[in-house]
Every structure is written in structure tokens, then in C-alpha cells.
Amino acid sequence: QGASVLLKDNRFQNTSTTAPLSLCLEREVEEFDLADDTSLCPPDRNALSDFYDSAKGVEWTNVSLWLDEYTSCCDWRGVTCDDMNHVTKLSLSNNGLSGRLSESIG
């Protein structure tokens, strides 16, 4: 009746160990719980995706790699991470941001 997709222990493009961003953001299917798996869906990346949407990212001057399915959020323009791939800094000045900060940013 149902279908399942196994993501654990699989490798994605660019040898990333995270799931594609669109799968991490899937909230429409009630039984789909991948978004809660922090090993496959880093909370920092999900929060930055919310930030992008709330700060009208589609209108930014430079969106290099933002929301790329397979790229670490640490490689997105203006994002700095520590050795554990946790976001430590955003530097997006002069990039046309507007809107409100999302609650997931803090």
C-alpha cells in the first residue's frame, strides 16, 4: 500500500551526508518524518531556509548556492560555519534583504 525511501547510509551528490534540502522541508505528508532527523537534515540548514523565505531571498542581489539541494549551507554565500558545520555567522550586507527574521533563527 505505501512506499518507503531509505536514506540512512546512502551517499548523495558531492559526497554529502545530508538529505536533499527539499526532502528535509517536506511537511505535507503526515507520515514523513525525515525533517526531524538531525543527522540527515541539519537544523541550521532548515533554519537558514526559513530565513531565506522570510527575508525575501528571491529578491536578493546575490543568492549564490542558497537553497541548493545538495550543497552544505556552510557553502552558501555569506554563511560561516565552525568545524562541526554549525552556522556561526551570517554576512549578507548590501544584498537587498527585506522582510522579517523567521522564528527559527531565534
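How many aromatic pairs does the count come to by the ring-pair rule? The count comes to 6 aromatic pairs, where rings of Phe, Tyr and Trp (its six-membered ring) pair if their centres lie within 6.5 Å, with planes under 30 degrees apart counting as stacked, over 60 as edge-to-face and the rest as tilted.

The model is predicted, so that local features need pLDDT of at least 70 and side-chain atom pairs count only at pLDDT 80 or more, while totals for chains, interfaces and linings use all residues. Residues are numbered from 1 along each chain as its sequence is written, and side-chain values use heavy atoms, with hydrogens and water left out.

**Aromatic rings**

Tyrosine 52 and tryptophan 60 form an edge-to-face pair, with 5.0 Å centre to centre and 70° between the planes. The rings of tryptophan 60 and tryptophan 66 are also edge-to-face, because their planes stand at 85°, with the centres 5.0 Å apart. Ring pairs link Phe51, Tyr52, Trp60, Trp66 and Trp76 into a cluster. Buried means under 20% relative accessible area, exposed over 50%, and partly exposed in between (1.4 Å probe, protein chains only); tyrosine 52 counts as buried at 9%, tryptophan 60 at 6% and tryptophan 66 at 7%.

**Cysteines**

A search of the whole structure finds 2 disulfides, a disulfide being a pair of cysteine sulfur atoms within 2.5 Å.

| Disulfide | S to S distance | Angle about the S-S bond |
|---|---|---|
| Cysteine 24 and cysteine 41 | 2.1 Å | -80°, left-handed |
| Cysteine 74 and cysteine 81 | 2.1 Å | -95°, left-handed |

Cysteine 24 and cysteine 41 are buried, and cysteine 74 is buried with a relative accessible area of 17%. When the bonded cysteines of the chain are numbered in sequence order, the pairing is 1-2, 3-4.

Cysteine 73 counts as buried, at 4% relative accessibility.

**Leucine 90**

Leucine 90 has its place in strand S2 (residues 87–90), and with a relative accessible area of 34% leucine 90 is partly exposed.

Key: Helix = DSSP H or I, 4+ residues; strand = E, 2+ residues; numbered from the N terminus.
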